[in-house]
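Please consider the sequence and structure shown here before reading on.

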Amino acid sequence: MGFAEQRFNVNLSILFTELPLLERPAAAAAAGFTAVELWWPWIDSPTPEQSELDALKKAIEDAGVQLTGLNFYAGQLPGPDRGALSVPGEESERFRANIDVTADFAQSLGCKALNALYGNRVEGVDPAEQDALALENLALAARAADRIGAILLIEALNKPESPLYPLVSAPAAVGIVDKVNDATGLGNARFLMDLYHLSMNGEDLPSVIERYAAKTGHVQIADNPGRGAPGTGALPLEDLLDQLTKAGYDGWVGLEYKPGDRPSAEAFDWLPR
């Protein structure tokens, strides 16, 4: 089996970033990909002008690629932020303002997976207050995703790189998935299994796959150490993806790694052609 059996899509917020946003979908297509995913592209605006949304939609359609995943507004990403939905005040309001914008844009392109990053702990705010706000906002996001026939993804990050983010293990993220599904009754919240982040946390990846493959809605990969392409680190990614396939996961695998000191187009030499 191995890499040849997987459906890979490329994350245009970490690869091809040497190009302007509107040129990245065509570059991904030229590199042989049929599908792409994105973090929320307008980090300063949860509600960009319709003309900006239309331009990105056209770029994706003109490139002939499918948008398979999109993040809700998550603050400054990359940067100091790790989401907005559990941050009281203005950031939570920005997240809420973004929910339908993201869902409508995803629907316009047939995108069926929306990722909601939880947000960092805030000094001086009771974690229980943040968690209650998060559940409220995640329920709103789950309903918006359901409206367009999509799933809501909840992701574990890694503690070394995101020390203020509370979901830094697979069980922690899956626990929130279960809470959201219990709160809405929709059953459309799913775990985003990022093998790089989980490995950075020192988790037993075969065990995580065995326990949580059935609750997983999307998988992302990068090698560790370094967050580079497969083969640049020590993770047995081919074996892990084989295990996921055997466990019943048949979705996309997002390439969310850094190209290193070379153009992104040259960062796919590990892929079977």
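The notes below treat the salt bridges, by location in the chain.

The model is predicted, so local features need pLDDT of at least 70 and side-chain atom pairs count only at pLDDT 80 or more, whereas totals for chains, interfaces and linings use all residues. Residues are numbered from 1 along each chain as its sequence is written, and side-chain values use heavy atoms, without hydrogens and water. The structure holds 11 salt bridges (a side-chain nitrogen of Lys or Arg within 4 Å of a carboxyl oxygen of Asp or Glu).

**Pairs within helices** (DSSP runs of H or I, at least four residues, numbered from the N terminus)

- In helix α2 (residues 50-63), E61 and K57 lie 4 residues apart, about one turn of the helix.
- The closest N and O atoms of the E61 and K57 salt bridge are 2.8 Å apart.
- Helix α3 (residues 90-108) contains E91 and R94, 3 residues apart, and their side chains form a salt bridge at 3.1 Å, N to O.
- E91 is buried (under 20%), with a relative accessible area of 19%.
- A network of salt bridges links E90, E91 and R94.

**A pair between distant parts of the chain**

- E256 and R227 form a salt bridge at 3.0 Å, N to O.
- This pair joins the segment after β8 (252-255), which holds E256, to the loop between β7 (216-221) and α8 (237-246), which holds R227; the two residues are 29 apart (strands are DSSP runs of E, at least two residues).
- E256 and R227 are both buried.

Definitions and conventions: Buried < 20%, exposed > 50% of the residue type's maximum accessible area, 1.4 Å probe, protein only.
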